[in-house]
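Here is a short briefing for you to read alongside the structure.

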Amino acid sequence: MAGLGHACEGCCGQMPEISYPMEGLDPETFFFEFQNLLYAYGRKSSYLCFQVEREQHSSPVPSDCGVFKNQSYHAELCFLNWFRAEKLSPYEHYDVTWFLSWSPCSTCAKKIAIFLSNHKNVRLSIFVSRIYYFWKPAFRQGLQELDRLGVQLDAMSFHDFKYCWENFVDNQEMPFRCWKKVHRNYKFVLRKLNEILR
């Protein structure tokens with residue numbers, strides 16, 4: 001049976017209640033929160049679009065997907081708390097993909113690292129629109145630790161934004177139209193991320 005309760009030993013600790021994912025974002029929120037701007041003023045929320053692929057007895061199982069927004073906790077910890085309580089089983093293997101409006105802060109990175117160290121059956125890929133405080137050593141070290149644990153870290157490209165638009169946004173069947181400088185800003189974020197992970 002999936003779900004290990006509100007907290008498993010050595011993991012992220014006890015949280016007061018489980019936050020459940022939203023089914024999707026409205027287009028205005030997506031465009032405002034996920035723009036890969038070099039200086040993203042006024043964007044104090046973090047959003048996490050996720051997809052969970054799992055295998056049970058070597059057979060693929062339909063994936064779970066949804067969106068978390070930071071509430072009392074950052075979006076990453078909201079996901080881990082929900083996933084641990086509702087989905088996680090020691091008898092299955094999981095490929096988890098996150099699309100994040102901001103990269104994890106130093107505290108979240110530490111808690112993600114603890115979670116992954118305790119759950120070897122979970123593989124995590126993180127695609128970020130922007131890097132949170134990329135000039136601060138503690139935030140850089142947090143990303144470096146995730147990289148050492150085998151987390152795939154990458155910048156969100158045009159194709160990732162389009163994928164999110166098609167799969168996590170209530171887009172009313174409208175095609176994705178990206179913002180200005182999306183490609184140039186992607187290269188900047190990717191360069192900064194590569195500098196950190198070197």
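The notes below go through salt bridges and then helix packing.

This is a predicted model, in which local features need pLDDT of at least 70, side-chain atom pairs count only at pLDDT 80 or more, and totals for chains, interfaces and linings use all residues. Residues are numbered from 1 along each chain as its sequence is written, and side-chain values use heavy atoms, with hydrogens and water left out.

**Salt bridges between strands**

- Across the whole structure, a search finds six salt bridges, each being a side-chain nitrogen of Lys or Arg within 4 Å of a carboxyl oxygen of Asp or Glu.
- One of them joins the side chains of Arg54 and Glu92, at 3.1 Å from N to O.
- Arg54 sits in strand S1 (residues 47–56) and Glu92 in strand S3 (residues 92–102), so this pair ties together parts 38 residues apart in sequence; strands (E, at least two residues) and helices (H or I, at least four) are DSSP runs numbered from the N terminus.
- Glu92 is buried at 4% relative accessibility, whereas Arg54 is partly exposed at 23% (buried means under 20% relative accessible area, exposed over 50%, and partly exposed in between, with a 1.4 Å probe and protein chains only).
- Arg123 and Asp95 also meet through their side chains in a salt bridge, at 2.5 Å from N to O.
- That pair links distant parts of the chain, with Arg123 in strand S4 (residues 122–130) and Asp95 in strand S3, 28 residues apart.
- Arg123 is exposed, with a relative accessible area of 54%, while Asp95 is partly exposed at 31%.

- Glu145 forms a salt bridge with Arg148, and their closest N and O atoms are 3.0 Å apart.
- Both residues belong to helix H4 (residues 137–148), where they are three residues apart, about one turn of the helix.
- Glu145 is partly exposed at 29% relative accessibility, and Arg148 is exposed at 59%.

**Packing of H3 with H4**

- Helix H3 (residues 106–118) packs with H4 at an angle of about 20°, with the axes 8 Å apart (axes are lines fitted to C-alpha atoms, for helices over the stretch in contact, and angles run from 0 to 180 degrees between N-to-C directions).
- This makes H3 roughly parallel to H4, a label for angles under 35 degrees.
- Ser106, Ala109, Ile112 and Ala113 of H3 meet Ala138, Phe139, Gly142, Glu145 and Leu146 of H4, where contact means heavy atoms within 4.5 Å.

Methods. Angles under 35 degrees count as roughly parallel, over 145 as roughly antiparallel, 65 to 115 as roughly perpendicular and the rest as oblique.
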